[in-house]
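The exercises below can be worked through with the sequence and the model side by side. Try each task before reading its solution.

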Amino acid sequence: MEVSKERRMQTINALLDGYSSLSTTKLLEPLAPGFHHQILPESLGMPIRDKDAFAKHAAGIFGIFEEFSMTPRAIINDAAAGVVAIDARMLGTLKGGKGKWETECIMTVRLTEDGCQILEVREFVDSAKAMEMARTHAPEEFGSKASGNMDTEEHGFFDWLTIDGGSWVHVGAAVVAYIGLRRMLS
């Protein structure tokens, strides 16, 4: 089945608009029933979330922002592989006068064969900003197993800080991976 680039991009734009809307309902619209979301790098210990767990997580995160936007800097649409890679900047204003929030991510999005729904999002985030979010702004259960983790590891979001003395190694690895992907996108 050949799917037009425009159809695939409509689905991707629906996802990006959903993030920027701060509406969980709008964010879920383009997601397939068997959808999964994973925040990377895995060293952050964030759970893989199914659609229901992702909805709860998104509602919690959306609840801390007055406004938010996810703006793509580059998009690679690989129709043959059924994957879209997005290099995005995220900007927001935190509620309660807590100021601006700025970060970035690389997302790989796997679409259904017809390009109309999203099966999976793997979101590679800035590790330092993810730790800051969890420490100072995130709602309860931001990275807990209760929010839909499918792996069997016993450690939550902050546990790796105490069991792994190489925290800055993880941040460095994220930066190196990001720079490599930016070069590929150029």
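**Exercise 1. Decide whether Arg 89 counts as buried, partly exposed or exposed, and find its salt-bridge partner.**

Step 1. In this predicted model, Arg 89 has a relative accessibility of 28%. Buried means under 20% and exposed means over 50%, so Arg 89 counts as partly exposed.

Step 2. The side chain of Arg 89 meets that of Glu 104 in a salt bridge, with 3.8 Å from N to O. Because Glu 104 lies in strand 5 and Arg 89 in strand 4 (residues 83–94), this pair ties together parts that are 15 residues apart in sequence.

Step 3. Glu 104 is also partly exposed, with a relative accessible area of 23%.

**Exercise 2. How many salt bridges does a search of the whole structure find, and which residues do shared partners join into one network?**

Step 1. The search of the whole structure finds 5 salt bridges.

Step 2. One of them is formed by the side chains of Arg 110 and Glu 120, at 3.5 Å from N to O. This pair links distant parts of the chain, since Arg 110 sits in strand 5 and Glu 120 in strand 6 (residues 118–125), 10 residues apart.

Step 3. Arg 110 is partly exposed with a relative accessible area of 37%, and Glu 120 is partly exposed with 24%.

Step 4. Salt bridges that share partners join Arg 73, Asp 87, Arg 89, Glu 102 and Glu 104 into one network.

**Exercise 3. Work out the order of the strands in the sheet, and then describe how strand 5 pairs on each side.**

Step 1. The open sheet is formed by 6 strands in the order 2-1-6-5-4-3, and its pairing is mixed. Strand 2 (49–50) and strand 3 are the edge strands, each of which pairs on one side only.

Step 2. Strand 5 pairs with strand 4 in the antiparallel sense over 11 bridges, and Val 84 has Val 109 of strand 5 as its bridge partner.

Step 3. Strand 5 is joined to strand 6 by 7 bridges, and these two strands run antiparallel; here Leu 111 stands opposite Ile 118 in strand 6. The two strands form a hairpin with 6 residues between them, and Gly 115 in the turn has a positive phi of about 75°.

Step 4. Strand 6 also runs parallel to strand 1, to which it is joined by 6 bridges. Ile 118 in strand 6 is the bridge partner of Leu 31.

**Exercise 4. Is Gly 82 buried or exposed, and which residues does it touch?**

Step 1. Gly 82 is placed in the loop between strand 3 and strand 4. With a relative accessibility of 13%, Gly 82 counts as buried.

Step 2. Beyond residues up to four places away in sequence, Gly 82 touches Arg 8, Val 109, Arg 110 and Leu 111.

Step 3. The C-alpha atom of Gly 82 is separated by 7.8 Å from that of Gly 115, although the two are 33 residues apart along the chain.

Key
Residues numbered from 1 in each chain as written. Predicted model: local features only at pLDDT ≥ 70, side-chain atom pairs only at ≥ 80, totals over all residues. Heavy atoms only, no water. Salt bridge = Lys/Arg side-chain N within 4 Å of Asp/Glu carboxyl O. Buried < 20%, exposed > 50% of the residue type's maximum accessible area, 1.4 Å probe, protein only. Helix = DSSP H or I, 4+ residues; strand = E, 2+ residues; numbered from the N terminus. Contact = heavy atoms within 4.5 Å. Pairing = 2+ DSSP bridges.
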